[in-house]
Amino acid sequence: MSYTFSTTLDMPFDAAVTTVTEALKEEGFGVLTEIDVKDTLKKKIDADFRPYRILGACNPKMAHQALQAEPEIGVMLPCNVVVQEDEGGRTRVSAVDPVASMQAVDNPALGEIAGQVREALRRVVEGLERTPA
């Protein structure tokens, strides 16, 4: 089982980050955290790395339901979405599959919520595939 949904966009990295953030918003997600991996690696260990951003996406309603169903599930929140530049200058977007990441949790109610989040994130990624460059 794959643990992500992914697509490649023919648009500059910064434009892709904005496009992804807007697409998440349309599905009820906000971006709680944004980690600039390239900048962090340069500052912390002086390593050069390609443009790579981790967006911590959260749908508050679904997160609330998940926390009610499984109090410790916060260790797996928010849902990460990665935006990274590939060697050809295109931008790859990958979203976590929450069903795959929560398989270890034996809680049918949580599985149902994870399925709803999965479908919302899948819609985001599939919608990006139709986004003009």
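**Close-up 1. Residues of helix H1 meet residues of helix H5 in the predicted model.** On the H1 side, the contacting residues are Thr-19, Val-20, Ala-23 and Leu-24; their partners in H5 are Leu-121, Val-124 and Leu-128. The two helices pack at an angle of about 135°, and their axes lie 9 Å apart. Because angles over 145 degrees count as roughly antiparallel and those of 65 to 115 as roughly perpendicular, this angle makes H1 oblique to H5. The crossing of H1 past H5 is right-handed.

**Close-up 2. Helix H1 has buried residues along one face.** H1 comprises 14 residues, 13-26, and spans 20 Å from its first C-alpha to its last, close to the 20 Å expected at 1.5 Å a residue. Its buried residues are Phe-13, Ala-16, Val-17, Val-20, Ala-23 and Leu-24. Viewed down the axis of H1, these residues fall within an arc of 130°, so they line one face of the helix. Asp-14, Lys-25 and Glu-26, on the other side of H1, are exposed.

**Close-up 3. The buried residues of H1 pack against strands and a helix.** The strands concerned are S1 (4-9), S2 (30-36), S3 (52-58), S4 (79-85) and S5, and the helix is H5 (108-129). Just after H1, Gly-28 adopts a positive phi of about 90°.

**Close-up 4. Asp-97 occupies the loop between strand S5 and helix H4.** Apart from neighbours within four places in sequence, Asp-97 contacts Ser-2, Tyr-3, Thr-4, Phe-5 and Arg-118.

Note on methods
Residues numbered from 1 in each chain as written. Predicted model: local features only at pLDDT ≥ 70, side-chain atom pairs only at ≥ 80, totals over all residues. Heavy atoms only, no water. Helix = DSSP H or I, 4+ residues; strand = E, 2+ residues; numbered from the N terminus. Contact = heavy atoms within 4.5 Å. Expected span 1.5 Å × (residues − 1). Buried < 20%, exposed > 50% of the residue type's maximum accessible area, 1.4 Å probe, protein only. Arc of directions from axis to C-beta. Axes fitted to C-alpha atoms, helices over the stretch in contact; angles between N-to-C directions. Parallel < 35°, antiparallel > 145°, perpendicular 65-115°, else oblique. Left-handed = near helix turned anticlockwise from the far one by under 90°.
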